[in-house]
Amino acid sequence: PPPPTPPPPTPPPPTPPDANNEVPIYPDFRFRTWEALSAGLMGYATALSYDEDKWNTPGTSNIENLPFKLLTDGQQHAAIQLGFRNEVSWNCYMNHYLGFTWDELEEEGVQSYYVVLGYTAEEWADNSKKTTKSSWDELNGAEQTAAKKLCYIKESWDGVPLDEWECSWNHFTGRSWAELKEIGMQHYFVALGWDESAWNTGENPPETENKKWSELTKDEEVAARAICFQKESWNDPSKWYPMLRYKLWDLLENDVQEAAERLAYDKESWNNPGTAAVEHLGYNELSEVQKDAVSVLEFKEGDWDCWQNHYHAYTWKELEEFGVNYFLDIFGWNAISWNSYIQDFDVTKGPDPWNMEWDVLDDRERNAAAALCYIEQTWDKLDLNEWDCTKNHYDGYTWAGLDDVGVQGYFVTLGWTEQSWVGKSDPPKSQSEHWTELTEEERTAARQLCYSKSVWESYFNEKVNGGDGGGKNIAGVIGGVLASVAFVGLVGGMHIYGVNFGKVGKVAKKAVSKKEDEAPHTIPNDVAVQV
């Protein structure tokens, strides 16, 4: 899901001239987040004295104050490996010529750009004044153009962390096919099998959209990394899924409940996502106290606006800036109807598909809803008591399906393995233990699976009294059972499970297939699954 405040679309990579009229090559490796780097690239970054914090916030490392010619041979080699293919590329994109004298700026052909930005020779000689004087949005058109010629974009000018850049936020999915070419990214999507027709229409996505990370070819993996995917973000949607928000009120830790109460949640509104008044507010409309509470709930700015607000606090113009209007177009919204709707949230003003249940939506509409951070349960406004975690603790999921929704690790903590999960080996020791006999780590894992002491004991007692005889407190799989479609998506440029998008990030990633010859394990009807 989107990180804090989705940034406006990144301008095409600037092409400032140098003395030889060469065009700097866009250093895409440098502008990937630290975690998206391969081990080798991290090694080169470390050789340049970067650590994760400095790398993820361009402009904060001392190495960036140096022009290329002042780097050691080893540092120059590391810079080249990180995508700075020539001296001009480093001087423009990293140093922005800040390490040059005023006369050297003229020699490089870029002095005039700093003149437009208000600098004089006297000011330039004072290093303390070599700072951006205004935010990007405060620059006029000529100043923004000059800044672009110095290889600045809005994010680097304003000092925005990399995880809020377009590549990390939505993997360039808000771009047209032509724009991808302009910013030097189109060839990566071609390497992943995309062409203009598939990209612009969303139809016939390439085979890579059905591959796990381990199934990608070397060239495909390189391309995926270039658009800010890594193994975990490609395979595992749970990283961006707000699991804490979708836990029952009574299962929340005290500090989380207190934070929710500061947002005016109570048990009723918390257990019914979409009903609380605070969810009609965008992140920027929250008070500082509320923002602090939101952080306790593990939301960042962009996460909140997508998963909680679903962009309802945005005007149509703002939606266009962030590339989100595309998904609302699919439902039949337009500028007039949307801007009227967000005044009072009167659903009768919306197009018919907006008020249909999930099962009635066609694939294209479901995909669009998922890109707006809806899943079936939030779209249909289900009470949390009716969700898989609470209702059946992921009964009906394959072992791989548990991994897809980010909960397999909790089952592992409780002693489960793939073999025991499908009934090919004995269940773990935890399944024959009372709640008080579990370790603290096991109880923590059980809570993440929506168990409380009373719910766990209800399953234990059912087993002792005869039950299903399978020896499983966890509502899981018996005798090699099951499977179910795993949902949960990485939205706004990320993979969606169980839906089919036409772009990376609006794209289908593996729904777990159901084995028709196996019957799912069911929970006895007389067992109350209540907190």
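Colleague: What is the handedness of the disulfide of Cys-92 and Cys-151?

Modeller: This is a predicted model. The torsion about the S-S bond of Cys-92 and Cys-151 is about 100°. The disulfide is therefore right-handed.

Colleague: How many residues apart in sequence are the parts that Cys-92 and Cys-151 tie together?

Modeller: Cys-92 lies in helix H4, residues 87-94. Cys-151 sits in the loop between helix H8 (141-149) and helix H9 (154-158). So the pair ties together parts that lie apart in sequence by 59 residues.

Colleague: Are Cys-306 and Cys-373 buried or exposed?

Modeller: A disulfide joins Cys-306 to Cys-373. Buried means under 20% relative accessible area. Cys-306 has 0%, and Cys-373 has 0%. Cys-306 is therefore buried, and Cys-373 is likewise buried.

Colleague: Why is the disulfide of Cys-389 and Cys-450 right-handed?

Modeller: The sulfur atoms of Cys-389 and Cys-450 are 2.0 Å apart. That is within the 2.5 Å cut-off for a disulfide. The disulfide is right-handed because the torsion about its S-S bond is about 110°.

Colleague: How many disulfides does a search of the whole structure find?

Modeller: One joins Cys-92 to Cys-151. Another joins Cys-306 to Cys-373. Cys-389 and Cys-450 also form one. The search of the whole structure finds three.

Key. Residues are numbered from 1 along each chain as its sequence is written. This is a predicted model: local features need pLDDT of at least 70, side-chain atom pairs count only at pLDDT 80 or more; totals for chains, interfaces and linings use all residues. Side-chain values use heavy atoms; hydrogens and water are left out. Helices (H or I, at least four residues) and strands (E, at least two) are DSSP runs, numbered from the N terminus. Buried means under 20% relative accessible area, exposed over 50%, partly exposed in between (1.4 Å probe, protein chains only).
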